[in-house]
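Here is a short note to read alongside the model. Keep the structure open and follow the points one by one.

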Protein chains: 2
Amino acid sequence: MNASTALYTDRYEYTMLDGALRDGTAERSCVFELFSRRLSGGRRFGVVAGTGRLISLLRNFRFDEAELRLLKDHRVVSDETLTFLENYRFTGRISGYREGELYFPGSPILTIESTFAEAVILETLALSVLNHDSAVATAAARMSIAAGDRPLAEMGARRAQEEAAVAASRAAYIVGFGATSNLEAQRRWGIPTMGTAAHAWTLLHDSEEDAFRSQIANNGVDTTLLVDTYDITTGVQTAIRVAGTNLGGVRLDSGDLPTVAQATREQLDSLGAVNTKITVTSDLDEYAIAALAASPVDAYGVGTSVVTGSGYPTASMVYKLVARQGTDGGWVGVAKASQDKSSMGGRKAAFRTLEYGKATSELVIVSDGFEQVATAAAVPDARALQVTFAEGGDFDSQYEGPAGVELARAHHARVREELPVRGLALSKSDPAIPTVYRDAED
Amino acid sequence: MNASTALYTDRYEYTMLDGALRDGTAERSCVFELFSRRLSGGRRFGVVAGTGRLISLLRNFRFDEAELRLLKDHRVVSDETLTFLENYRFTGRISGYREGELYFPGSPILTIESTFAEAVILETLALSVLNHDSAVATAAARMSIAAGDRPLAEMGARRAQEEAAVAASRAAYIVGFGATSNLEAQRRWGIPTMGTAAHAWTLLHDSEEDAFRSQIANNGVDTTLLVDTYDITTGVQTAIRVAGTNLGGVRLDSGDLPTVAQATREQLDSLGAVNTKITVTSDLDEYAIAALAASPVDAYGVGTSVVTGSGYPTASMVYKLVARQGTDGGWVGVAKASQDKSSMGGRKAAFRTLEYGKATSELVIVSDGFEQVATAAAVPDARALQVTFAEGGDFDSQYEGPAGVELARAHHARVREELPVRGLALSKSDPAIPTVYRDAED
């Protein structure tokens, strides 16, 4: 896992670096900000995810022979720039929202402070990781809210690119999913895995009964049997005949789930299997989960919709230059004015104001330069949202690896409690809280 | 790139393997089939992509110490199964549609013939790769059709997980995109890269004019200037004042593109820059591209929509057991009957019937066992759709690496010519051709 990540970039970043080294602007101190202008799909909140992955990937953002050769062979940059890259190491400061934190339009999710040269080439990698992982985490958090206390498992690997699937398992776990089907996610991030049998298991055997008998012999009576390969009623009957009333669970993967779950519960109860659990796994998303709230379902398995962000497979975060040193060495807030794509110049400090423990606003205090413009003490009844991930090029390892995932999961559970009731609804609307900008000078 | 891929799997595959080794069914000869019941989004065709990647990943599907330890530590399988896996090597046959080929509902995209034990654990990896890459390729092919002869570049890396982005660049290139912004895609798959400057380039400098001057000094007058950081009309005027009328191009990344493109063309022409090209890059998808057909646009850059499959980020391919040896050694076609998720048992041979060079149907001939049931000679006026990717565990290397990408790109260009006119429309409808099943005995 220490391959160089320096080519997960768009070519134009190197073209800009090349030009800036030539014209002298490369050394200008800059503040880049990663933020989102809006929440996708009329959602009430977003969840930041991917930060722990990004930190590890940034550690490996360096130029070995293979990377330099690619840039040379395709004349991406000049020889002078190759020399600069050979010695490249990010030495600046990165701060931002903790993984698992909620975000809203304009939240300064990540702030990168360094020379232009050091920061400009991190754009694509930072956005790839945070846009993907946050899109999954946001959708998954809505599913977790809809599921309430019932356990949720992520099983969407087959519907996502193989590496994206591992990142998706991780993001879903951070916001409350309890397990994944994906073994690579367990290996890499320590996420518990689950899973018993597919339809192929039943089809492989000469009869459904043979398949059930074998599964119970191998996995014990507390296993979960998949009962819908042929006919669900027959499947349930066979399952209890073979396993007895102590069968752990049955899984339903097709049909109109509220109807089927109800009928299956009644059948199980009538057979005396009152403790046998029902897991449903067919085409679930946050709306289907919510619609099953009153049904006798014990656990959910979610596939496609969680790994694809339930209709919004990417967040709309962007990476923008918001402040830089001017010719005189002083700070200049900068912003583009493009139609519908304007940005707000200046460095930002962010706070979540709270009343009785519930969020009331996303307070963003704007100044020009590098300095931390406001501290938590300066804003009473508010929580400071930014922490430091890297200082002088040293990355803070506490956010990385499986430990970082657990930290993010705990943080998310804590801050989701701050969501006002209107933030929990699934319907499309405005963000749960407004973003309020204040000038540091005020 | 030779890390083991054996844990890109769902846990239940190993649970089934474990049970099958215990009850003796693991050695049954099986035919698994990867297919899609439908085309997402009322599209008229799908494009198979990812095959070349999959072959390379399957080569590395093996169990080293780390994989065995994970399976042992989490008690996924028994010690006997660990011993089996230690020696695992796929020794069967894999055949299917060539990369770049079109597919339709029921097309037998991939057929895996081996023992149950060898094939059951390949499900997730095969689906992850083909579902993702085919979703991107299918969306990208529609964009390529909409763009006609105008060049298309993929620049969506920032809106996809970092590894998924590389796979997406590859899939888009196979179906007709000419370039990508993604340097890793160039390194790994040989895809040409492009890109000049972002808004940060302009904001970094003291004025737009400074930024343009520097870019031209560094990249020459045939570069493309991004002119919408502040005001497009002023930007274009500055661009031509600085570069002269031989400026290579301008890029528009915001605004109502048909209007802005028209105004920019008129302005460029009035300034004498009649050969300066216009590239547009703002929120394009196949519909926006089609809507610009009559506009004076020279090239398109597509981001989010292509890497996320333009509304359908995953194909709906599934991996199903369709035939197996029975207790007597004879073949049994198997199929599940689950509501809305039924499958068709039996091994399939697939042909595209043609009339005057245009496709008229997807002919699928169904039999029970391992034997190739029909050859091209048996079906006149048709093209046989399946080739062999692996035989006796030997993978055919011609489909891998950059050479495989070029092969797939050429194949796609050829077979897209077979699409009947109704297959080219963007609106939602039925598949361009019907899928016709025929029994091998008939």
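1. Let us begin with one pair of residues: Gln325(A) has Trp331(A), in strand S13 of chain A, as its bridge partner. Gln325 ends strand S12 (residues 317–325) of chain A, which runs antiparallel to S13(A) and is joined to that strand by three bridges. Strands here are DSSP runs (E) of at least two residues and helices are runs (H or I) of at least four, numbered from the N terminus; two strands pair if DSSP finds at least two bridges between them.

2. Before going on, a word on the ground rules. This is a predicted model, where local features need pLDDT of at least 70 and side-chain atom pairs count only at pLDDT 80 or more, while totals for chains, interfaces and linings use all residues. Residues are numbered from 1 along each chain as its sequence is written, chains are lettered from A and ligands numbered from 1 in the order in which they are written, and side-chain values use heavy atoms, with hydrogens and water left out.

3. Now find the whole sheet in chain A: it is open, has seven strands in the order S13-S12-S1-S5-S3-S17-S18, and pairs antiparallel. Strand S13 (331–333) and strand S18 (394–395) of chain A are at the edges with a single partner strand each, so one side of each has no neighbour in the sheet.

4. What lies across strands S1 (29–36), S5 (110–115) and S12 of chain A? Helix H6 (residues 123–147) of chain A does, running at about 140° to S12(A). Axes are lines fitted to C-alpha atoms, for helices over the stretch in contact, and angles run from 0 to 180 degrees between N-to-C directions.

5. Just after H3(B), look for Arg75(B), which takes a positive phi of about 50°.

6. Last, visit Leu424(A), in the loop between helix H15 (401–416) and strand S19 (435–439) of chain A. Leaving aside neighbours within four places in sequence, Leu424(A) is in contact (heavy atoms within 4.5 Å) with Ile145(A) and Leu419(A).
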